[in-house]
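Here are my notes on the aromatic residues and the helix packing. Have the model open while you read.

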Amino acid sequence: MADPKHPRHYDEAFKRQIVQLYENGKPAREIKDEYDVSHSTLHRWVQGIRNSGSTKAADNRTPEQNELIELRKRNRQLEMEVDVSEQAAPVFARK
C-alpha cells in the first residue's frame with residue numbers, strides 16, 4: 001500500500017484504462033489485486049468519469065464545494081493579513 005505521506009499519482013490515461021476494465025466487467029477485486037489500486041480510489045475514478053467525464057477532483061466538485069474551498073482560501077489569506085498587521089503595529093507605534 002502507498003504511504004499516506006507520499007500518495008501515488010496516476011496519469012489520466014492509466015485511470016481511464018482502469019475504469020474501462022471495470023466498465024467492461026472485470027471485478028473490482030481483480031483490478032485491486034492486479035494493479036494495486038484501492039477500492040475507494042477505483043470507485044472515485046469510476047464515479048468521476050460517469051459524472052463529468054473526468055477523474056480530476058476539481059472537475060467533480062459541486063458549486064457549493066468549490067465555493068467552500070474558495071471561502072476557506074480567502075479566510076486563510078485574511079488571517080495572514082491580520083497577523084502581519086498585528087506584528088507590524090508595534091513597529092509603527094514607535095515611530
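The points below go from ring pairs to helix contacts.

1. Some ground rules. This is a predicted model, where local features need pLDDT of at least 70, side-chain atom pairs count only at pLDDT 80 or more, and totals for chains, interfaces and linings use all residues. Residues are numbered from 1 along each chain as its sequence is written, and side-chain values use heavy atoms, leaving out hydrogens and water.

2. Searching the whole structure turns up four aromatic pairs (ring centres within 6.5 Å for Phe, Tyr and the six-membered ring of Trp; stacked if the planes are under 30 degrees apart, edge-to-face if over 60, tilted for the rest). Tyr10 and Phe14 are stacked, at 5.2 Å centre to centre with 15° between the planes.

3. Tyr10 also pairs with Trp45: the centres are 5.2 Å apart and the planes at 80°, so this one is edge-to-face. Tyr10 sits in the segment before helix H1 (12–23) and Trp45 in helix H3 (residues 39–52), so the pair ties together parts 35 residues apart in sequence (helices are DSSP runs of H or I, at least four residues, numbered from the N terminus).

4. Ring pairs join Tyr10, Phe14, Tyr35 and Trp45 into a cluster. Two of these residues turn up again where H1 meets H2: the contact (heavy atoms within 4.5 Å) involves Phe14, Ile18, Leu21 and Tyr22 of H1 with Ala28, Ile31 and Tyr35 of H2.

Notes: Helices (H or I, at least four residues) and strands (E, at least two) are DSSP runs, numbered from the N terminus.
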